[in-house]
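Open your viewer and get ready to select residues by number.

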Amino acid sequence: MKKILILTSSPNVVGNSNTMATVFEEAARQQGADVTRLDLNRVTGSGCCACMRCRTASDRCVVQDGIGDALKAFEAADVLVMAAPVWFAEFPVSLRRFVERWQGLVDTAFLPRLPNGKRAVLLISQGGGEDEFTDIPTRYAGMLNWLGVKPCDIVRHCTADKQAITNGTLLDTVRQLATNIISG
C-alpha cells in the first residue's frame, strides 16, 4: 500500500489548489492508498532557524513542532503531493516554511538523507497564463530532485481571470495522475 502525504497551503478550503488536492486524495483512496492530508495553515511551527544542529547534533531537523511532524510524515511517505496557489509570484509562506526545513534532509556534503524511490506531485493554481510563473514549478521540482525525490509530476491551473476550476479535463488529469501513481 502506497503512503501519500498531501500538503495544502491555501486558506481557501474550496479554492482551486484545494479542489485539485481533494480530487487527488479521493482517487488515491479509491486505489487503496494510505493518505495523510495536512493543511499547512493549521500546522504550527516555523521555517529553518539556521541552528545547524541537523549538521552537528543530529541527522535531521531537531526543531520539534508541527512542521517537524510534517517532515517526519514526508520521510515516511512514498509520494509527496504539494497543492498550492501562486500569490505574488510565489507559493504561500505556509508551504515555504516546510520547504525551508528541507535543509535537514541533506547531509553535510549536501547529499540526500531520504530513502530512494520517493516521488512528488505539484498541484498549482495561479492567476496568470501558462507562460507566467514557469520558474516556480521548475524550481521546486529541482529542489525535490536534489533531495532524490523524482519524478515530480506537475499539474498547473492557469487562468488570467482567476476563475474557479470548471474544466473537468484538468480535474480528470489530476484524477488519472493519482490513479497511475497508486497503481503503477
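**Before you click**

This is a predicted model, where local features need pLDDT of at least 70, side-chain atom pairs count only at pLDDT 80 or more, and totals for chains, interfaces and linings use all residues. Residues are numbered from 1 along each chain as its sequence is written, and side-chain values use heavy atoms, with hydrogens and water left out.

**Stop 1: helix 3**

Select residues 66-76, which make up helix 3. Helices (H or I, at least four residues) and strands (E, at least two) are DSSP runs, numbered from the N terminus. Now look at the start of helix 3: a side-chain oxygen of Asp 65 comes to within 3.1 Å of the backbone nitrogen of Ile 67.

Which residues of helix 3 are buried? They are Gly 66, Ile 67, Gly 68, Ala 70, Leu 71 and Phe 74. Buried means under 20% relative accessible area, exposed over 50%, and partly exposed in between (1.4 Å probe, protein chains only). Show the partners next. These buried residues pack against strand 1 (3-8), strand 2 (34-39), strand 3 (79-86), helix 4 (93-100) and helix 5 (135-146).

**Stop 2**

The structure holds five aromatic pairs. Rings of Phe, Tyr and Trp (its six-membered ring) pair if their centres lie within 6.5 Å; planes under 30 degrees apart count as stacked, over 60 as edge-to-face and the rest as tilted.

Select Phe 74 and Phe 98. Their ring centres are 6.0 Å apart and their planes are at 55°, so this pair is tilted. Phe 74 is in helix 3 and Phe 98 in helix 4, 24 residues apart. Both are buried.

Trp 102 lies in the loop between helix 4 and strand 4 (119-126) and Phe 74 in helix 3, so the pair ties together parts 28 residues apart in sequence. Ring pairs link Phe 74, Phe 98 and Trp 102 into a cluster.

**Stop 3: the cores**

A nonpolar core is a set of buried Ala, Val, Leu, Ile, Met, Phe, Trp, Tyr and Cys residues joined through side-chain atoms within 4.5 Å. The largest has 31 residues, and Phe 74, Leu 80, Met 82, Phe 98, Trp 102 and Leu 144 touch the most other members. Finally, find the second, separate core of 24 residues, which includes Ala 28, Ala 33, Val 35 and Ile 165.

Definitions and conventions:
Contact means heavy atoms within 4.5 Å. A polar contact is a pair of N or O atoms within 3.5 Å; within protein, one must be able to donate a hydrogen and the other to accept it, and residues adjacent in sequence count only if both atoms are side-chain atoms.
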